Amino acid sequence: MNLSRFLLRSFSFRCPHCGVGRLTHRLYGFNHHCEHCGYAYLPDDGDFWGGVVICYALAGIIGIGAGGLLVSFADVSVQALIYAATLTTVAAVLALFPLSKSVYTYLLYYTRGHEEEYRPPADFHPGK
Ligand SMILES: [Zn+2]
């Protein structure tokens, strides 16, 4: 799978296993498993942090880029620059967090494969 296809699939917020179930149930709510096939999205306790790291890294890059653009095109004080970069970084974190978790879920899916421990439990019934 190439990078563009990987990103398009992860941007869909659909289950990486079946492509039907949704990853999210509200803007920032993340389902534990697929309601259609039962696939566990982030089965380990530390899996939450992968999406956070991706989100903070991208938001930091965006915040620094916004500060760089502001300095390049406007004569602003250091205090205004700090406020603008901070606000841009916070806005980027809020905007990118669901997408970062989706990308990380897909990354886990393709790196872990279809190992037995990540398959739906035997007593799983779709829709319950
Ligand atoms: Zn599924």
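Is the crossing of α1 and α3 left-handed or right-handed? The crossing is right-handed; a crossing counts as right-handed if the near helix is turned clockwise from the far one by less than a right angle, and as left-handed if anticlockwise.

1. Basis. This is a predicted model, in which local features need pLDDT of at least 70, side-chain atom pairs count only at pLDDT 80 or more, and totals for chains, interfaces and linings use all residues. Residues are numbered from 1 along each chain as its sequence is written.

2. Overall make-up. The chain has three helices and zero strands, in the order α-α-α along the sequence. Helices (H or I, at least four residues) and strands (E, at least two) are DSSP runs, numbered from the N terminus. Of the 128 residues, 20% are buried, a label that requires 20 or more other C-beta atoms within 10 Å of the residue's own, while 12 or fewer makes a residue exposed and anything in between partly exposed, with C-beta atoms placed from the backbone. Among contacts with a separation of 6 or more, 54% join residues 24 or more positions apart; a contact means C-beta atoms, placed from the backbone, within 7 Å.

3. Helix α3. This helix covers residues 78-112 and bends by about 50° at Leu96, with Pro98 following within four residues. The bend is the angle between axes fitted to the seven residues ending at a position and the seven starting there. Buried residues of α3 include Ala85, Phe97, Lys101 and Tyr104, and their cover includes α1 (3-10) and α2 (47-73).

4. Packing of α1 on α3. The two helices pack at an angle of about 125°, with axes 9 Å apart. Axes are lines fitted to C-alpha atoms, for helices over the stretch in contact, and angles run from 0 to 180 degrees between N-to-C directions. α1 is therefore oblique to α3, since angles under 35 degrees count as roughly parallel, over 145 as roughly antiparallel, 65 to 115 as roughly perpendicular and the rest as oblique. Phe6, Arg9 and Ser10 of α1 meet Ser102, Val103 and Tyr106 of α3.

5. Core. The largest nonpolar core has six residues: Cys15, Leu23, Cys34, Tyr39, Tyr41 and Leu42. Such a core is a set of buried Ala, Val, Leu, Ile, Met, Phe, Trp, Tyr and Cys residues joined through C-beta atoms within 7 Å. Beyond its neighbours within four places in sequence, Leu23 has contacts that include Phe13, Tyr41, Ser102 and Thr105.

6. Phe13. This residue lies in the loop between α1 and α2. Phe13 is partly exposed, because 16 other C-beta atoms lie within 10 Å.

Conventions. Two residues are in contact if their C-beta atoms, placed from the backbone, lie within 7 Å.
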